[in-house]
Amino acid sequence: MILYQWAGLEGDTSPFSVVQTGTGQSGTIAETTNAGQILTNEKALKFTQQTSSGAGSVTGAVTYPRPIGYDKYRLNWVYRLKSNDADWTSVAFKITDFDGTDGEEYELRIYSNAGATEEIQYLTTGDAFVDTGFTWVEDQGIGNRQWVNVGFDINTTDKKYTRQFCGSEFTLSSLDNYSPGSYPAENALAIAIEFVGVDTLCTFHLDSMTIEVVE
């Protein structure tokens, strides 16, 4: 059962509030109807990131009401990077489950580190990132046109990842997430995409984002 979806249909608008960090920040998130920047439907979202000096980030965030009676969810994003590995730091896809008691964060991060690291990582206990072992897609992929499917399944009762996937690779291992702390007044699913770069203009496109209940 799909709880929430942004798929670039006619009439859809960007669901994100935008947060920027960095000196001379010019990061933006905007709708695009350019056929060369869309995989499906009428539009995609174009993330751009650039600072006048040093590192910075642009984050798209949306908060969804936490459903009652469900504890297993699948998060799925379809994206395409349009910049060389050396020109950006990371793209992170994440959700924090606020259940009225605490916060539990789950995240997959496409980590280039300006071309120096090139790992697909997940966030785990102690706010640490661990390499998934998934194959890195070199630079912009096949002919600079490659779209990638990325995401994970979570069990919010057990507080575990139960599946992670990127492209054609996946793991069904039960893995620990990160617990940022106690939030007794919060009850929601907070979804975010964070794009981190430096002073070189870099971009990526988001074709769709889906949250669904899984059995």
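Tyr183 is partly exposed, with 32% relative accessible area. The cut-offs are these: buried is under 20%, exposed is over 50%, and partly exposed is in between, with a 1.4 Å probe and protein chains only.

This is a predicted model, in which local features need pLDDT of at least 70, side-chain atom pairs count only at pLDDT 80 or more, and totals for chains, interfaces and linings use all residues. Residues are numbered from 1 along each chain as its sequence is written, and side-chain values use heavy atoms, with hydrogens and water left out.

**Overall build**

The protein chain has 17 strands and zero helices. Both kinds of element are DSSP runs numbered from the N terminus: helices are H or I with at least four residues, strands are E with at least two. The radius of gyration is 17 Å, which agrees with the value near 17 Å for a compact globule of 215 residues. That radius is taken over C-alpha atoms, and the globule rule is 2.2 Å times the number of residues to the power 0.38. A box of roughly 45 × 40 × 35 Å along the principal axes is filled by the C-alpha atoms.

Of the 215 residues, 49% are buried. Contact means heavy atoms within 4.5 Å. Among contacts between residues at least 6 apart in sequence, 70% join residues at least 24 apart. The chain exposes about 9500 Å², and carbon and sulfur atoms supply 47% of that area. Such areas come from the Shrake-Rupley method with a 1.4 Å probe.

**Aromatic rings**

There are 13 aromatic pairs in the structure. Rings of Phe, Tyr and Trp (its six-membered ring) pair if their centres lie within 6.5 Å; planes under 30 degrees apart are stacked, over 60 edge-to-face, and the rest tilted. Trp77 and Phe152 form a tilted pair, 5.8 Å centre to centre with 55 degrees between the planes. Trp77 sits in strand β6 (residues 72–81) and Phe152 in strand β11 (residues 148–155), so the pair links parts of the chain 75 residues apart. Both residues are buried.

Phe98 and Tyr183 pair edge-to-face, at 5.1 Å centre to centre and 80 degrees between the planes. Phe98 belongs to strand β7 (residues 88–99); Tyr183 is in the loop between β15 (178–182) and β16 (187–197), 85 residues apart from Phe98. Ring pairs also build a cluster, with Phe16, Phe47, Trp77, Tyr79 and Phe152 among its members.

**Loops and a strand residue**

Most residues other than glycine have a negative phi. Asp127 has a positive phi of about 60 degrees. Asp127 lies in the loop between β9 (119–124) and β10 (128–131). Lys159 also has a positive phi, near 60 degrees. Lys159 is found in the loop between β11 and β12 (160–166).

Gln164 is in strand β12. The C-alpha atoms of Gln164 and Leu75 are separated by 9.6 Å, although the two residues are 89 residues apart along the chain.

| Residue | Relative accessible area | Class |
|---|---|---|
| Phe98 | 17% | buried |
| Asp127 | 45% | partly exposed |
| Lys159 | 28% | partly exposed |
| Gln164 | 2% | buried |
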